[in-house]
Amino acid sequence: MAFLDLIHLKKAFGVRPGSLPSETPHLRRVSATYAVDDFNLEIERGELVSFLGPSGCGKTTTLRIVAGFEQPTTGKVILDGADITNVPPSKRNVGMVFQAYALFPNMTVGDNVGFGMRVSKKPKEEIQQRVKEMLGLIKMPELENRYPYQLSGGQQQRVALARALAIKPQVLLLDEPLSALDAKIRVELRYEIRRIQQELGITTIYVTHDQEEALALSDRVVVMSAGHMEQVGKPWEIYNYPTTEFVAGFVGTLNQLRSRVVDAPTGELDYHGQHFKVSGELPPGETVVAMLRPEQLRMGVHEGENQLTGKLISLAFLGAIVRMGVELGEAIVTLDALNERRLALPKIGEPLTISFPPHAAWVMAAG
Amino acid sequence: MKRGGFWGWFWVLFATAYFLLPLIGAFTFSLEMRRGVLSFIAYERAFADPEFWRTFLYSNEMALMTIVASVALLVPTVFWVHLRLPRWRPVVEFITLMPFVIPAIILAFGIIKVYKSPLVIGGFTILQAPTNSVAGTNVLLVAGYTVLAMPYMYRAVDAGLRAIDVRTLTEAAQSLGASWFTIIVRVILPNLRAALLSGALLTFAIVVGELTLASFLDRPAFGPYLFLLGQHRAYEPAALSIVSFGLTWVAMGLIYLATRGRPGPGQVGGAH
């Protein structure tokens with residue numbers, strides 16, 4: 001059994017927990033309103049799992065069920081072998097970090113960090129020692145006597161993290177903790193969170209709508225949409241082998257070419273009169289959608305690769321990469337070229353040939 | 001841009017005069033007890049009256065108890081409405097406005113009518129009539145004052161809770177193991193300090209000057225004393241009005257001192 005087991009979690013708002021049997025016509029009738037619909041996940045001890053998805057996909061609701069702030073309509077939460085589904089949040093020993101920091105404004109940094117230990121009536125010396133240890137962990141030992149309003153957003157979120165960790169929780173929950181911070185601090189703090197999580201070996205669930213954050217931080221990513229789990233996997237699996245069209249489109253940038261199957265055994269497709277090949281088995285049907293990541297496309301003709309020619313309509317210099325938009329049939333194909341000093345950029349309006357190897361594309365059935 | 005201007009200053013001076021002239025008039029009048037000489041004799045006489053001290057201290061005690069009762073009743077109620085029953089807010093607001101609509105005399109008669117008899121269940125007297133004892137009547141008076149002060153205390157607490165992120169702070173405290181009692185006492189109440197001080201000041205002002213309830217319940221409060229004094233004397237009531245006004249300003253000054261130099265609870269540092 002996994003350390004944290006989320007079993008068939010469902011959450012319908014406006015329905016009393018436990019009031020619906022799991023398999024009834026009534027349940028099926030209201031299933032369209034489920035914020036979380038049949039969520040199953042096993043999380044191992046020390047693992048960092050991200051819940052990734054757009055707003056309203058149910059990721060925060062699932063996290064709040066684990067924290068105890070929401071009761072599932074059906075399903076169970078098992079932590080280290082114990083069923084905590086009906087245990088109140090104050091008795092779960094689960095640390096939580098919120099998007100809005102949620103530091104107590106009337107307390108100093110030290111008092112905030114030591115709050116959980118004071119509540120559980122730990123000896124004063126132990127609290128002081130733990131507060132110092134935690135402030136050392138977040139590299140803010142000198143700010144113990146400051147009030148939250150005297151700290152920057154990044155510092156406040158570090159303190160919130162230290163406060164959540166001070167109680168030695170079994171699980172750490174982070175609800176979009178970096179969303180309120182600016183881009184530079186967000187990246188810094190992201191690695192800080194990962195360092196601390198690995199240093200302490202604490203089991204962590206991280207909710208975010210930022211795919212880059214989820215991919216950079218996580219041992220595994222759960223991509224969610226409309227209350228459902230779309231895909232669970234390691235970051236590179238999610239990015240390189242998306243199993244649904246939603247995941248393919250949500251994680252990273254994706255070009256989709258709706259193509260006609262010319263020869264299924266050889267993987268030959270036709271896109272607006274231009275033929276190209278893909279590797280792997282094709283789904284049934286006369287029309288399929290070929291998926292291509294922008295970074296797998298190259299400018300110009302390359303021997304042994306597929307070639308498609310279109311018209312360059314946009315060009316954006318992003319520093320490390322140059323992003324180009326190529327009009328190709330009904331689609332605008334995005335191509336990312338790695339920036340180098342000698343890179344010869346085409347002019348807008350000129351024809352541009354793009355190349356890609358057959359294995360770079362994967363194919364899904366046309367919906 | 002030009003600041004102030006003629007009309008700006010005109011309205012400032014007009015408002016100041018409108019506010020201060022009656023006070024100056026009352027103050028000057030209170031000094032004119034001895035003909036042709038300005039003196040503090042009216043103040044001396046007022047303070048020399050043991051009845052003044054007795055009623056003033058009694059009303060102060062009642063005011064403190066009313067403040068405690070109001071905080072104990074309204075903070076958990078408004079907190080729960082904010083946290084779990086936001087749809088009930090209009091209903092609760094309506095209820096708290098009732099003292100504005102129902103005159104105090106109705107409240108006084110209602111209290112007397114309900115509590116003048118003992119509580120008898122199945123032939124057994126569970127509770128003696130509260131109006132039959134001093135302590136019981138004091139409790140009824142505090143209960144009545146709590147109702148009268150409710151519109152002000154409710155709004156003060158409501159405004160204070162709106163200024164903080166009640167839900168997130170509560171959930172943060174819960175995740176750290178805090179009970180509901182701990183959350184209210186150690187997280188919510190300290191962050192309502194300024195709001196509670198404002199509510200307490202208004203409650204204090206209402207209770208100290210209240211006449212109807214204290215008269216009908218026959219308690220030795222400052223309001224009835226001031227009323228009786230005003231019927232028989234001229235200068236002492238003016239002197240005591242000025243003293244009451246001064247006390248109110250002292251209380252407001254204390255609120256300022258207690259809350260200055262701290263940002264609002266919702267204020268956070270920059271995102272850097």
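The following conversation covers a predicted model of a complex of chains A and B.

Q: What ipTM and pTM does the predictor give the complex?
A: The predictor gives the complex an ipTM of 0.84 and a pTM of 0.80.

Q: How many residues does each chain bring to the contact?
A: Chain A contributes 30 residues and chain B contributes 23 residues.

Q: Which elements of chain A each supply at least two residues of the side that touches chain B?
A: These are β6 (94–97), α3 (109–119) and α5 (153–166) of chain A.

Q: And how do the residues on that side of chain A divide into nonpolar, polar and charged?
A: The side of chain A that touches chain B has 19 nonpolar residues, ten polar and one charged.

Q: Staying with chain A, what does its secondary structure come to?
A: Chain A has nine helices and 20 strands. Its C-alpha trace spans about 75 × 60 × 30 Å along the principal axes.

Q: What percentage of chain A is buried?
A: Of the 367 residues in chain A, 41% are buried. As for contacts in chain A between residues at least 6 apart in sequence, 67% join residues at least 24 apart.

Q: Turning to chain B, how do the axes of α3(B) and α8(B) cross?
A: Helix α3 (residues 50–83) and helix α8 (residues 180–191) of chain B have axes that come within 12 Å and cross at roughly 85°. The two helices, α3(B) and α8(B), are therefore roughly perpendicular to each other.

Q: Which residues meet there?
A: From α3(B), the residues B:V75, B:P76 and B:F79 meet B:I184, B:I188 and B:L189 of α8(B). The residues of this contact are six nonpolar, no polar and no charged.

Q: What about α3(B) and α7(B)?
A: The axes of α3(B) and helix α7 (residues 166–175) of chain B come within 9 Å, crossing at roughly 100°. That makes α3(B) roughly perpendicular to α7(B). The contact is made by B:F79, B:H82 and B:L83 of α3(B) with B:V166, B:R167 and B:T170 of α7(B). Three of these residues are nonpolar, two polar and one charged.

Q: Where is confidence lowest and highest in chain B?
A: Confidence in chain B is lowest in helix α12 (residues 235–259), at a mean pLDDT of 80, and highest in α7(B), at 95. Chain B averages a pLDDT of 88, and 93% of the residues score at least 70.

Q: Over which residues of chain B does pLDDT stay under 50?
A: That applies to residues 264–272 of chain B, for which the model has 32 contacts beyond four places in sequence. Where pLDDT is low, predicted coordinates should not be read in detail.

Technical notes
Residues numbered from 1 in each chain as written. Chains lettered and ligands numbered in written order. Predicted model: local features only at pLDDT ≥ 70, side-chain atom pairs only at ≥ 80, totals over all residues. Contact = placed C-beta atoms within 7 Å. Helix = DSSP H or I, 4+ residues; strand = E, 2+ residues; numbered from the N terminus. Nonpolar A, V, L, I, M, F, W, Y, C, P; charged D, E, K, R; others polar. Axes fitted to C-alpha atoms, helices over the stretch in contact; angles between N-to-C directions. Parallel < 35°, antiparallel > 145°, perpendicular 65-115°, else oblique. Buried ≥ 20, exposed ≤ 12 C-beta atoms within 10 Å, placed from the backbone. pLDDT = per-residue confidence, 0-100.
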